[in-house]
Amino acid sequence: MYEIAIIGAGPAGASAAIFTAKAGKSTVLFDGGTSATKRALLKNHYGVTEITGPDLVETGKKQAAQFGAELVDEKVESIEKTENGFTIKTEQGSYESKYVILATGMIASLGEALGVKTKPATEPRVKTVFAVDAQGKTNVPNVWACGTVAGISMHTIITAGDGAKVAVNLISEIDGKRWVDHDVLGK
């Protein structure tokens, strides 16, 4: 069983996975290949002069894997609540996790099927988003959401930051104290 399953490996999901894996939480990151970022050319991303969406997504997935996240390049077909957490089913298998972070971009159907409350979206071309609190929690215990599907602006810099925020909040809740991750230059 994984501690945290992250559904969606775009900027929000991969960013969340970088933080959860680096914090030592067993993390599985699912990439169904549908990230809208894979069609983008980014010239407005802080710290990067220009990057293609596919390169940004692949870099984020590699960073998450470096810290120990398991990458699963499969589309998640369903998430079911169990006595000990959740079962995440794909075409090729099933995975168990205690917590779930939904980072599914413009697609809310997986969370809706699980009973996550939704509300109308404000972003263009996005119809429905999850109703989350300031921490990123949904109404379903142990289900969190980040990025566009959580009502955040579609800009990759913003969704990546929201993924990090939600991951830090979840890690802090699991640990029972505020978790902070800062690397320092060597001398």
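Student: Which residue just after H4 takes a positive phi?
Tutor: Gly-176 does, at about 75°. Bear in mind that this is a predicted model.

Student: How do you know that the length of helix H4 fits its 20 residues?
Tutor: H4 covers residues 156-175. At 1.5 Å a residue it should span 28 Å. Its end C-alpha atoms are 28 Å apart, so the two values agree.

Student: Why is H1 called roughly parallel to H2?
Tutor: The axes of H1 (residues 11-22) and H2 (residues 53-66) cross at roughly 15°. Angles under 35 degrees count as roughly parallel, so H1 and H2 qualify. The axes come within 8 Å, and the crossing is left-handed.

Student: Which residues meet where H1 and H2 touch?
Tutor: From H1, Pro-11, Ala-14, Ala-17, Ile-18 and Ala-21. From H2, Leu-56, Gly-60, Lys-61, Gln-63 and Ala-64. By class, the contact has seven nonpolar, two polar and one charged residues.

Student: How many aromatic pairs does a search of the whole structure find?
Tutor: Two. One of them is Phe-19 with Trp-179.

Student: What makes the pair of Phe-19 and Trp-179 edge-to-face?
Tutor: Start with distance. The ring centres are 6.3 Å apart, and pairing needs centres within 6.5 Å. Then take the angle. The planes stand at 85°, and over 60 degrees counts as edge-to-face.

Student: Why does the pair of Phe-19 and Trp-179 tie together parts that are apart in sequence?
Tutor: Phe-19 lies in helix H1, whereas Trp-179 lies in the segment after H4. The parts are therefore 160 residues apart in sequence, and the pair ties them together.

Note on methods. Residues numbered from 1 in each chain as written. Predicted model: local features only at pLDDT ≥ 70, side-chain atom pairs only at ≥ 80, totals over all residues. Heavy atoms only, no water. Helix = DSSP H or I, 4+ residues; strand = E, 2+ residues; numbered from the N terminus. Expected span 1.5 Å × (residues − 1). Axes fitted to C-alpha atoms, helices over the stretch in contact; angles between N-to-C directions. Parallel < 35°, antiparallel > 145°, perpendicular 65-115°, else oblique. Left-handed = near helix turned anticlockwise from the far one by under 90°. Contact = heavy atoms within 4.5 Å. Nonpolar A, V, L, I, M, F, W, Y, C, P; charged D, E, K, R; others polar. Phe/Tyr/Trp six-rings, centres within 6.5 Å; stacked < 30°, edge-to-face > 60°.
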